[in-house]
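Hello,

Here is the structure I promised to pass on. Have a look, and my notes follow below.

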Amino acid sequence: MQIHFFNPDHDIALALNQRRFATPHVGRQMRSDLGYIPALWAEDGDVVVVEDIDAAELLYKRHKLTSRARVEFVTTEQLENTVSGDSYRFAPWGWNKSIRSTFLDAKIPKTMLPSELQFDSIRMLSNRALAVKLLSSMKGMQGVIGISAVCNTAKEVEEALKQHQDIVVKAPWSSSGRGVRYISIDDGPNENVQKWINNTLEKQGSIIVEKKCRKIQDFAMEFQAKADGKVVYDGLSLFTTKNGAYTGNILLPEDEKEEYLHRYLSPTLLDEVKKQIEVFLTTEINGAYIGPLGVDMMICSPWEEDETSAVVLNPCIEINMRRTMGHVALALTRRGQRGIMSIDYDGKNYRLHIRQ
């Protein structure tokens, strides 16, 4: 049985790498409003930790699911009396030092949680440098593009801009849609961007630079890192973004998602990329992380120097070493849902909507 915990501030916690930190208001609000959503992928008998049990039960029941797990909602104060023996496994949205402290404060034994050394390994695996390495491993694969590098100085970022003309710069650790800047050679980094680059280099030690791609479609491949060390493919995620931030997922059976992507990309290429990622991540993770993860990708127009095909694939925009909204979409699809899944904010609360 698993104990689930939705901690949407996970990426920020990784960047800060502190046992305790002040969660931004948005993170607190999302955790409060959406704390129940692990019930959407939980199994019968699982436990979901929430702030308000009555509200969680009501929100869960409002989703018209063809099947739903029988879960128990508890608060962190009730965890100590809920956990007995070693039959439970903790499964937060993402593992970081802050969430470990939350569980320890709830009097959960250290032996039931990852060690400090494991947390250090998970954080290093979550560094965007791993995505650079994965992309590099696919260099030369026909139909694939993408150039990225780890820069350790502002001078290296400047040289990358001169070389590629249009670049995307990213902090090694940051939350989705944040920690990302776009720079064109025509404009150059303005004072604010230059300040951000210097600040990121000082705090995190490096900057990830990518040659900007001309996007046609976002999507992701979702995976599971198993207890035996293997990383296995879980399914496709078709999602939308606005200004780099997640806005929603399309809920469709796997064969329909594949059919949609095959309009752009050959089945052979997608299968080859999937297998390459499984092998690469199995080797890199090497059992240090167990749980869901996702690799964001992008169907793009080819660069001017690449005129061999109408569209190409950037197979690694991001690696998310945690659960993703794509995994949520997969769970809902497997429970018979179709349509659009989105997280909306009405000015007071965040809500997960499933529209047919």
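Is Tyr-260 buried, partly exposed or exposed? Tyr-260 is partly exposed, at a relative accessible area of 23% (buried means under 20%, exposed over 50%, partly exposed in between, with a 1.4 Å probe and protein chains only).

A word on the source: this is a predicted model, where local features need pLDDT of at least 70, side-chain atom pairs count only at pLDDT 80 or more, and totals for chains, interfaces and linings use all residues. Residues are numbered from 1 along each chain as its sequence is written, and side-chain values use heavy atoms, with hydrogens and water left out.

Now the rings. The structure has 10 aromatic pairs (Phe, Tyr and Trp rings, the six-membered one for Trp, with centres within 6.5 Å; planes under 30 degrees apart are stacked, over 60 edge-to-face, the rest tilted). Phe-223 and Tyr-233 make an edge-to-face pair, 5.7 Å centre to centre with 70° between the planes. Phe-223 is buried at 0% relative accessibility, while Tyr-233 is partly exposed at 24%. Tyr-260 also pairs edge-to-face with Tyr-264, at 5.9 Å and 70°. Ring pairs also join Phe-5, Phe-90, Trp-95, Phe-103 and Phe-119 in a cluster.

On to Asn-314, which is buried, with a relative accessible area of 4%. Leaving aside neighbours within four places in sequence, Asn-314 has contacts (heavy atoms within 4.5 Å) with residues including Leu-135, Cys-213 and Met-297.

Thr-283, in contrast, is exposed, at 55%, and its C-alpha lies 42 Å from that of Arg-62.

Best wishes
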